[in-house]
Amino acid sequence: MHVPVHVLYATATGTAQDVAQQLAQQLVLREAQLVSLQAVDDYPIAKLLNHAASAHTFILIVSTCGDGHVPITMRNFWNFIRRSDLPAGILSELRFAIFGLGDRAYVKFNAAARKLCTRLIDLGASLITPLSLGDDSEEGGYDAQLFPWMDSVFDALVLRPPSANSSDEGNQSLLQLRYIDSRSDDRRSDSKWRAGEARRKPSAATFALHDSVLKRTEVLTNPDFLTDGKEVLHVELDVTDAHPETRLHTYEPGDIIHVVPRNSPSAVRAFFELTGLDGEAMIDVSVRETMRQFGDYHCNTGMPCTLRQFVSAQLDLTATPRRQFFKRLAPFAALGMEKEKLMHFASAGGTEDLNQYAYREKRTILLVLRDFPSARPPIETLIDMIPVLRPRAFSIASSANAHPGSVHICASLVKYQTPLRFLRVGVCSAFFKSLKKGDCVPIFLEQGTSLRFQTKRPAILIGPGTGVAPMRSYLSEGGSTTGPSILFFGCRSEKGDFLYRRDFELFLKRKTLTKLITAFSREDPSQKVYVQHRIEHNAEQTWKLVFEQGAYVYVAGAAGAMPKAIREVIVTLGKTVGQLSEASSEQFVKRMESEGRLQMECW
Ligand SMILES: Cc1cc2nc3c(=O)[nH]c(=O)nc-3n(C[C@H](O)[C@H](O)[C@H](O)COP(=O)(O)OP(=O)(O)OC[C@H]3O[C@@H](n4cnc5c(N)ncnc54)[C@H](O)[C@@H]3O)c2cc1C
Ligand SMILES: Cc1cc2nc3c(=O)[nH]c(=O)nc-3n(C[C@H](O)[C@H](O)[C@H](O)COP(=O)(O)O)c2cc1C
């Protein structure tokens, strides 16, 4: 008899949950005694302590979010185990494994998984296999680490490879699909189905879903002055009718809005053309009996709808297919050549070719279905293999006080040409572009944790590109009440993409904003100027504000080089202006971070 196993995940945007589900499916196939599959904070701590004492094994899939933070779905557990009054050996019976999800582009790579692992060991727990850390920046993403780590978990649990019987694809599915008689009373209108969908509560940190109404959109960029065709859209949503439970009337600067997009009609059409399925058939999707006992799933189950509704709202048709997708598709290929190629992509030896085919050449699930026409799993397997279409997060650009009944989004639209010369538009970007005034936009609020503005302190706001969104929200509220607010804004050119220029000029006039410092990266062909360079140019003033006046520094925008460069420039200011040694300046910045005086929200 195998030991009981619990798979728990801590996620901010759903990836850890996908990985946990994938692992749970593999455990079931290997006849492990899987007991639970849940978010960490949905699992009672007392139960965990009890089960640890009865030799249960816990497998944790943990992502890092914010600026090295623990995801909100593990915050309670984390706060409990980091308490200094816990007896040293309290977890001495606990056997565990951790897989971290992170991205080396961030300063604090996989900080949550690493600190959780260290703390559990400090409390006496023992690892059944070494900690493994997935990296989004790596080609192929976290798969490179995940597969060897999963194998090591199976070995540690002494699980046999799946038997020929259990490798039947149907058994692997979490979901099952039932066709319903189209004359059935179960038939629902789109709006009723959507109302049902609203019952889903995405996570403990988020509030109820609301069907907002599009008020207006405005293109904030001027194509005449930009060469790359990039577009930034201001989106205004009407939330006047929102129920108090949604908290959409009382959001704060730094809060996040999640938009629930739909696939573009052309992607949905392509799916039905490629699969030959009937989009108008009524279906009912539910979690398979054998998996239902373990927990909750990020999928709109138990509500009859048309297959087209389900595909358009629930399946990420343009996601990059991962190795697991090829592995599950291969058995269904009728043509030997296709089967062989799919199996090659799914194998460890095929990693380089998979990286070229899927990642470098930017293929989507739809393109794989096109390239392998003989591989057609039954629909109940297919819906289980295609990743769930996730809501997209946006830092709110408005103020609930200054813009009552409204939520503003500043969205940089994803549009690019793949190496194979396909034009690719992001799911939510295409959704925004398709909207007309009065259209319904399902959204829900998440209380932000990375940016928490302090009005009683001077503020240094650093928001290049769409990172200016939370800064606009904060300044619309009135900004700092006790000292200057300085905004460093960066974009490519003054005439091309100086987002919200009029608003910031108005804030300056009203003295909500003390100084606006801009960095236009493409205006001087001899050198690119970014916000970090402007901070250096204004070294004395910036350091004085930070060091002498205790200013808070807020940073938002695209991840990548910018957040690291900002941190480095503050350390440099400590040395050059503050005359601190390298070590003292680094120490000073670390203290700012731990006191919440240096906050970052980068995506
Ligand atoms: C907390 C948080 C706050 C955010 N706030 C904002 C905000 O205020 N404004 C904002 O615009 N976005 C913000 N985002 C990002 C936003 O959630 C979406 O990721 C973004 O809008 C793209 O969504 P999409 O569905 O249009 O693109 P998707 O369909 O998700 O496609 C995006 C993917 O396309 C690929 N890609 C994009 N560009 C290229 C390229 N040039 N070449 C090759 N591949 C490419 C990348 O793999 C990328 O992951 C935020 C994200 C988070 C997590
Ligand atoms: C807003 C944001 C902040 C992030 N911060 C970090 C970080 O500080 N360190 C890190 O290693 N990865 C960071 N990441 C990368 C995520 O951990 C990684 O994408 C992970 O796969 C997300 O898993 P999840 O969807 O389960 O939350 C961040 C991602 C986002 C979107």
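Across the interface of domain 1 and domain 2, the rule finds 2 residue pairs in polar contact, both at pLDDT 80 or more. A polar contact is a pair of N or O atoms within 3.5 Å; within protein, one must be able to donate a hydrogen and the other to accept it, and residues adjacent in sequence count only if both atoms are side-chain atoms. On the side of domain 1 that touches domain 2, the residues divide into 3 nonpolar, 1 polar and 3 charged. Here Ala, Val, Leu, Ile, Met, Phe, Trp, Tyr, Cys and Pro count as nonpolar, Asp, Glu, Lys and Arg as charged, and the others, Gly among them, as polar.

This is a predicted model: local features need pLDDT of at least 70, side-chain atom pairs count only at pLDDT 80 or more, and totals for chains, interfaces and linings use all residues. Residues are numbered from 1 along each chain as its sequence is written, chains are lettered from A and ligands numbered from 1 in the order in which they are written, and side-chain values use heavy atoms, with hydrogens and water left out.

**The two domains**

Domain 1 spans 4-156 and domain 2 spans 459-602. These bounds come from an automatic or database domain assignment. The domain centres, taken over C-alpha atoms, are 35 Å apart. In contact (heavy atoms within 4.5 Å) are 7 residues of domain 1 and 7 residues of domain 2.

The rule finds 1 salt bridge across this interface. A salt bridge is a side-chain nitrogen of Lys or Arg within 4 Å of a carboxyl oxygen of Asp or Glu. K108 and E593 form a salt bridge, with their closest N and O atoms 3.6 Å apart.

D67, Y106 and V107 supply 63% of what domain 1 buries against domain 2, more than any other three residues.

**The two ligands**

A residue is near a ligand if one of its heavy atoms lies within 4 Å of it. Ligand 1 has 18 residues around it; R392, A393, S412, C428 and S429 come nearest. Ligand 2 has 21, of which T11, T13, T15, T64 and D136 come nearest.

| Ligand atom | Protein atom | Distance |
|---|---|---|
| ligand 1, nitrogen | C410, polar backbone atom | 2.8 Å |
| ligand 1, oxygen | V427, polar backbone atom | 2.9 Å |
| ligand 1, oxygen | C428, backbone N or O atom | 2.7 Å |
| ligand 2, oxygen | T11, polar side-chain atom | 2.6 Å |
| ligand 2, oxygen | D103, backbone N or O atom | 3.0 Å |
| ligand 2, oxygen | N110, polar backbone atom | 2.7 Å |

Taken alone, ligand 2 exposes 650 Å², and the protein buries 89% of that. Ligand 1 alone exposes 1,000 Å², of which the protein buries 66%. Accessible areas come from the Shrake-Rupley method with a 1.4 Å probe; for residues, only the protein chains shown count as cover.

How values were computed: Buried area = accessible area lost by both parts, 1.4 Å probe.
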